[in-house]
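Work through the two exercises below with the sequence and the model in view. Each task is followed by a solution that goes step by step.

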Amino acid sequence: MTVDINIKLQNLEIGWIRDLRIGGLLSGIYNPQKNVLDTVEEVHKILNANEYTPESSYIPVLLPAYPDENSVYTIDESLIAESLFRSNNKYIGHRNFMAFGNRFLNAMPSITKRAQAIRTHNDNVRKFVSALKSAGTTVCAFQTRNIPHNGHIKIIHHLLEICDHVIINPVVGIKKPGDTLMTVLEESYQYVIDNILPNSNLYYMPVFSDMYYAGPKEAAHHALIRQNLGFTHFSVGRDHAGAENLFPPEAAVNFMTEIKSSLHIKVFTIPGAYYCTSCNEVTILDCCEEYRQSISKQNISGTECRKAITNGTPYKHLDEGLISHLVNNFKKDLFES
Ligand SMILES: [Zn+2]
């Protein structure tokens, strides 16, 4: 059975969410959570945690219940808002989390073919990583939600210098409006691999798991998923898994620095890529004195990228070839509406 990986927002549908999470649990990507959490206390314990060990989860993976199911519990909604999102119930992450009501299953339901297919896909990612690693090499995962600008390309180039293999490894699940469509994301990175960073050690392979837009805790959750898939390295960047400008851009990097000793995967924290107007190049390191003093440090704006891509106008931090390739292939249909 083939699974349509192009899950649009319009498909924010309870059956999909459940299959996605069940497939993920069965494939072991959420270890140490291996099954449905059977009591609300277990859920609250994860949410309330202040210290982390290798046995910690960062986001509880819950299965919303259908109206006719009775083996359920209710969670403390304000705890979700505060501990996961440091926000309130208006935030997109919170609204998605509670989208099907405050009723969550306390036992694994019957498993659909779609959930099985999702498990198989994730298992195949693990096998692929494991095959690359068999010679004792390092394999790094790069999480992404965006059409890459020159800063992203610089980061991937940097990762290829430090690790033997780099897999562009976006999480694939239900998205929010404005997110890049999966087909577009795949085509973008295929273009990067074929034309910008041709390298036989660079791959594109997504993993099935949903986005929570939970910023710092989600960065840790993402690292855990990659650890469970067998990756040796993972990179966390500026505003990792944030939305609506809720989290300070450096929050995820700071949180990872704090907890990374509890993980068995090596985490690179890259505070961001900028353009240096003295060196006339994109950099992720302190390239010169002017840059160190922030005189020549120019931000690469995601909003400007979006505008340029949507209007087909040039922006100096985007690869022109990539953008015209996307516009030729997809016209203007690039983002979730
Ligand atoms: Zn410089």
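**Exercise 1.** Determine how the protein chain is divided into domains, and describe the side of domain 1 that touches domain 2.

*Solution.* The protein chain is divided into domain 1, covering 9–114, and domain 2, covering 128–330, with bounds that come from an automatic or database domain assignment. The contact takes 24 residues from domain 1 and 26 residues from domain 2, where two residues are in contact if their C-beta atoms, placed from the backbone, lie within 7 Å. This is a predicted model, in which local features need pLDDT of at least 70 and side-chain atom pairs count only at pLDDT 80 or more, while totals for chains, interfaces and linings use all residues. Residues are numbered from 1 along each chain as its sequence is written.

Next, look at the elements on the side of domain 1 that touches domain 2: those giving two or more residues are α1 (14–27) and α4 (92–97), helices being DSSP runs of H or I with at least four residues and strands runs of E with at least two, numbered from the N terminus. Of these, α1 gives the most, with 5 residues.
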